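Here is a short note for a first look at this model. Please read it with the structure open.

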Number of protein chains: 2
Amino acid sequence: MRSVLNITKALADENRLRVLVALQPGELCVCQITEFLGLAMSTVSKHLSILSQAGLVEGRKQGRWMYYRLPEPGGGTEASEAITWVARSLSGNRQILEDGARLKALRRVTPNDLCRKRKTC
Amino acid sequence: MRSVLNITKALADENRLRVLVALQPGELCVCQITEFLGLAMSTVSKHLSILSQAGLVEGRKQGRWMYYRLPEPGGGTEASEAITWVARSLSGNRQILEDGARLKALRRVTPNDLCRKRKTC
DNA sequence: TTTATACTTCGCCAATCAACGAAATATAGG
DNA sequence: CCTATATTTCGTTGATTGGCGAAGTATAAA
């Protein structure tokens with residue numbers, strides 16, 4: 001029950017839903033996610049921690065940067081099935097479509113360049 | 001986004017998850033659910049309202065009693081798919097198994113008898 | 001080795017939410 | 001019609017949660 005409740009609670013926030021959908025095309029680093037959501041980095045870190053505890057994202061460190069990605073799809077776990085449900089349920093949503101457009105631009109900038117230009121990091 | 005968030009927020013409470021699984025075998029009336037959860041009836045009513053707003057349950061009035069049930073399965077809606085996920089994810093859970101045993105006894109008592117014996121109603 | 005950097009954790013605050021009892025409501029039963 | 005009843009709504013309270021800036025941490029870079 002604990003793990004299912006961790007998942008459902010993790011999904012009960014709009015920003016965290018947006019992150020999950022944003023990670024569909026591939027991993028992002030914390031500074032990109034921070035830029036994407038427009039929140040304080042400490043807040044983003046907390047959100048990612050909640051998602052990670054629920055098994056909805058996985059993190060890896062590369063150099064100075066921390067990347068997060070979705071778990072292996074088709075894993076048959078509750079978490080991966082929940083993510084599939086989220087992605088399908090929000091596929092036509094307007095906010096998510098706008099997010100997608102902005103993300104394309106964001107993915108073209110390296111974390112290094114992003115951090116140089118911004119006080120994000 | 002609003003409707004998906006309504007669903008995920010509705011699922012982010014243990015008692016509401018238990019109600020959804022309890023309704024799998026068939027509808028229950030408010031007083032049965034109240035007895036089942038062991039909460040105040042006003043609290044149960046509020047929980048059911050949240051579930052109803054999210055499209056996760058449907059209500060019907062019969063005489064003095066208000067019954068709630070799950071929406072038609074296989075409807076392909078986000079709500080019905082979410083319920084499927086919940087039921088599958090919690091199918092082996094201990095609390096839910098214990099719930100199931102208690103529910104069998106509870107379903108054998110009519111709402112009328114339940115209300116007579118108890119201050120539930 | 002020291003300094004810089006990306007990220008995490010902590011502490012605080014305001015908003016939201018689950019629980020309860022009381023009041024209100026709709027309607028069944030006498 | 002009046003009374004009883006099952007349920008819903010309201011108001012209050014304590015707990016939880018999302019947001020922020022500051023402090024702490026791990027480690028890359030100089």
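1. Start with helix H4(B). It gives the most to the surface near DNA strand C, with 5 residues. Near means that a heavy atom of the residue lies within 4 Å of the strand. Helices are DSSP runs of H or I, at least four residues long, and strands are runs of E, at least two long, both numbered from the N terminus.

2. This is a predicted model: local features need pLDDT of at least 70, side-chain atom pairs count only at pLDDT 80 or more, and totals for chains, interfaces and linings use all residues. Residues are numbered from 1 along each chain as its sequence is written, chains are lettered from A and ligands numbered from 1 in the order in which they are written, and side-chain values use heavy atoms, leaving out hydrogens and water.

3. DNA strand C is surrounded by 24 residues, with Ser45(A), Met66(A), Tyr68(A), Asn15(B) and His47(B) the closest.

4. Now the polar contacts (pairs of N or O atoms within 3.5 Å). Arg16(B) places a polar side-chain atom 2.9 Å from a phosphate oxygen of DNA strand C. For Thr43(B), a side-chain N or O atom is 3.0 Å from a phosphate oxygen. Ser42(B) has a polar side-chain atom 2.9 Å from a base oxygen.

5. Buried means under 20% relative accessible area, with a 1.4 Å probe and protein chains only. Arg16(B) is one of the buried residues.

Notes:
Polar contact = N/O pair within 3.5 Å; in protein donor to acceptor, adjacent residues only side chain to side chain. Buried < 20%, exposed > 50% of the residue type's maximum accessible area, 1.4 Å probe, protein only.
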